[in-house]
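Student: I am new to this structure and would like a close look at a single part of it. Please take me through that part slowly, and then show me what lies around it.

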Amino acid sequence: MRVVIQRAGHASVTINGVCKSSIGKGMMILVGIEDSDGQEDIDWLCKKIVNLRIFDDENGVMNRSILEDGGDILVISQFTLHASTKKGNRPSYIRAAKPEISVPLYERFCHDLSQALGKPISTGEFGADMKVELMNDGPVTICIDTKNKE
């Protein structure tokens, strides 16, 4: 699994002109899933995300996790995170999992992340044409790939 985590002042996702989800301060997370991903990737990633110290403490130092800061999370499915641009100018998405694999894993990831956070998270809609707005706070953007844990 690949994620791009952005510290957000606020973020929202709109589908067909209707706001599906929005958050205030917290994280907006783009998630891409490939065929070899499974529950082990989800478990590791959820723990990493909720404990990632990217929020400022009282001294203005990034030293607090989202658990400590009390922020919200918005998760957006993003198959293009697995784009390959090695040949030509048109990206290939061959590494991105097909919906029959990625939808259940995405839903499990969202469920488990909500459990780890201790409150509901917001989401987009898998496979929809989404308009995503974000005020990146910092900016802080962190990329994590579960295949590169060590």
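Which elements cover the buried residues of α3?

Tutor: This is a predicted model, and what follows should be read with that in mind. The cover over the buried residues of α3 includes β3 (26-32), α1 (39-51), α2 (66-69), β6 (72-77) and β7 (122-123). The residues of α3 that are buried are Ser102, Leu105, Tyr106, Phe109, Cys110, Asp112, Leu113, Ser114 and Leu117.

The length of the helix can be checked against its residue count. Helix α3 takes in residues 99-117, and at 1.5 Å a residue these 19 residues should span 27 Å, which agrees with the 26 Å that separates its end C-alpha atoms. Just after α3 comes Gly118, whose phi is positive, at about 85°.

Asp112 and Arg108 form a salt bridge in which the closest N and O atoms are 3.0 Å apart, and because the two residues are four apart in helix α3, about one helical turn separates them. Asp112 counts as buried, since its relative accessibility of 15% falls under the 20% cut-off, whereas Arg108 is partly exposed, with a relative accessible area of 37%.

Lys25 is partly exposed, its relative accessible area being 43%.

The structure holds 12 salt bridges, among them one between the side chains of Lys131 and Asp129, at 3.5 Å from N to O, where Asp129 counts as exposed at 56% relative accessibility. Arg7, Asp56 and Asp137 are linked in a network of salt bridges.

Two points of backbone geometry complete the tour. Most residues other than glycine have a negative phi, and most peptide bonds are trans. Asn16, which is not a glycine, has a positive phi of about 50°; this residue sits in the loop between β1 (2-15) and β2 (18-23) and is exposed, with a relative accessible area of 75%. Gly138 and Pro139 are joined by a cis peptide bond, with omega about -5°, and Pro139 is found in strand β8 (residues 130-145).

Note on methods. Residues are numbered from 1 along each chain as its sequence is written. This is a predicted model: local features need pLDDT of at least 70, side-chain atom pairs count only at pLDDT 80 or more; totals for chains, interfaces and linings use all residues. Side-chain values use heavy atoms; hydrogens and water are left out. The expected span of a helix is 1.5 Å times one less than its number of residues. Buried means under 20% relative accessible area, exposed over 50%, partly exposed in between (1.4 Å probe, protein chains only). Contact means heavy atoms within 4.5 Å. A salt bridge is a side-chain nitrogen of Lys or Arg within 4 Å of a carboxyl oxygen of Asp or Glu.
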